[in-house]
Amino acid sequence: MELVDVIDTAVDEVLRTAAAWLGWDGRPVRFEGNAWTPHKSLRRVTDHLIDHLAEIECRLAGLDPLPDHWHGRAVTTHAGFARFTETDLEEAASRLTRLAVSYRARLHDLPAATLDERTGPDTWTLREVVHHVAGVTYYARAMAGDA
């Protein structure tokens with residue numbers, strides 16, 4: 001699979017998994033010490049995609065990426081307990097597919113040397129960042145209790 005396809009594939013998996021959440025009974029799934037709801041899972045997917053896209057953009061522009069201040073998976077907000085409807089799934093699909101296209105647009109012409117450059121001993125290459133981001137499927141699988 002080509003690097004530009006990795007995020008698309010992950011987003012497709014997340015959305016296929018999320019389709020099973022329609023009619024969710026309102027009870028969070030407990031997994032690895034956290035409570036998971038459909039909205040929380042999709043929030044974590046979206047936040048992760050945004051964080052790392054911003055990181056990639058900053059690095060390519062020669063800027064230091066901003067640290068994130070998300071509360072992450074440790075927090076389930078009141079909004080996370082809202083019903084999960086067809087409209088919520090459609091909104092998530094629009095949001096996540098746009099983010100995936102943004103990754104595709106950003107990555108498609110980058111030379112291998114840029115993708116594989118390590119800017120410091122503790123810094124991932126951009127290729128490693130993209131493969132890490134593809135792990136957003138974890139958040140959808142957590143909602144199913146099988147990440």
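The legends below describe close-up views of a predicted model. Local features require a pLDDT of at least 70 and side-chain atom pairs count only at pLDDT 80 or more, whereas totals for chains, interfaces and linings use all residues. Residues are numbered from 1 along each chain as its sequence is written, and side-chain values use heavy atoms, with hydrogens and water left out.

**View 1. Packing of helix 1 against helix 3.** Helix 1 spans residues 3-19 and helix 3 spans residues 86-107; helices (H or I, at least four residues) and strands (E, at least two) are DSSP runs numbered from the N terminus. Their axes lie 8 Å apart and form an angle of about 170°. Axes are lines fitted to C-alpha atoms, for helices over the stretch in contact, and angles run from 0 to 180 degrees between N-to-C directions. The two helices are therefore roughly antiparallel, a term for angles over 145 degrees. On the side of helix 1, the residues that meet helix 3 include V4, I7, V11 and L15; on the side of helix 3, those that meet helix 1 include L89, L96, T97 and R104. The residues of this contact (heavy atoms within 4.5 Å) comprise 15 nonpolar, one polar and three charged. Here Ala, Val, Leu, Ile, Met, Phe, Trp, Tyr, Cys and Pro count as nonpolar, Asp, Glu, Lys and Arg as charged, and the others, Gly among them, as polar.

**View 2. T97 in helix 3.** T97 has a relative accessible area of 35% and is therefore partly exposed; buried means under 20%, exposed over 50% and partly exposed in between (1.4 Å probe, protein chains only). Not counting residues up to four places away in sequence, T97 touches V11 and L15. The C-alpha atoms of T97 and D116 are separated by 25 Å, the two residues being 19 apart along the chain.

**View 3. Packing of helix 2 against helix 5.** The axes of helix 2 and helix 5 (residues 126-133) come within 10 Å and cross at roughly 170°. Helix 2 is thus roughly antiparallel to helix 5. Seven nonpolar, three polar and two charged residues form this contact. Among them are H48, L49 and I56 in helix 2, together with L126, V129 and V133 in helix 5.

**View 4. S41 in helix 2.** Helix 2 covers residues 38-60 and contains S41. This serine counts as buried because its relative accessibility is 0%. Residues up to four places away in sequence aside, S41 touches W21, W36, Y139 and M143.

**View 5. The second largest pocket.** This pocket has a volume of about 150 Å³. Its lining consists of H39, L42, R43, T46, F84, D88, E91, A92 and R95. On a 1 Å grid over the protein atoms alone, a pocket is an open set of points where a 1.4 Å probe fits, with protein on both sides within 12 Å along at least five of seven lines, and lining residues have an atom within 4 Å of a point. Grid points are joined across faces, edges and corners, and the volume is the space filled by probe spheres set on the points. Helix 2 and helix 3 each supply at least two lining residues. Three residues of the lining are nonpolar, two polar and four charged.

**View 6. E32 in the loop between strand 1 and strand 2.** E32 has a positive phi, near 50°. Most residues other than glycine have a negative phi. E32 counts as exposed because its relative accessibility is 53%.

Terms used: Parallel < 35°, antiparallel > 145°, perpendicular 65-115°, else oblique.
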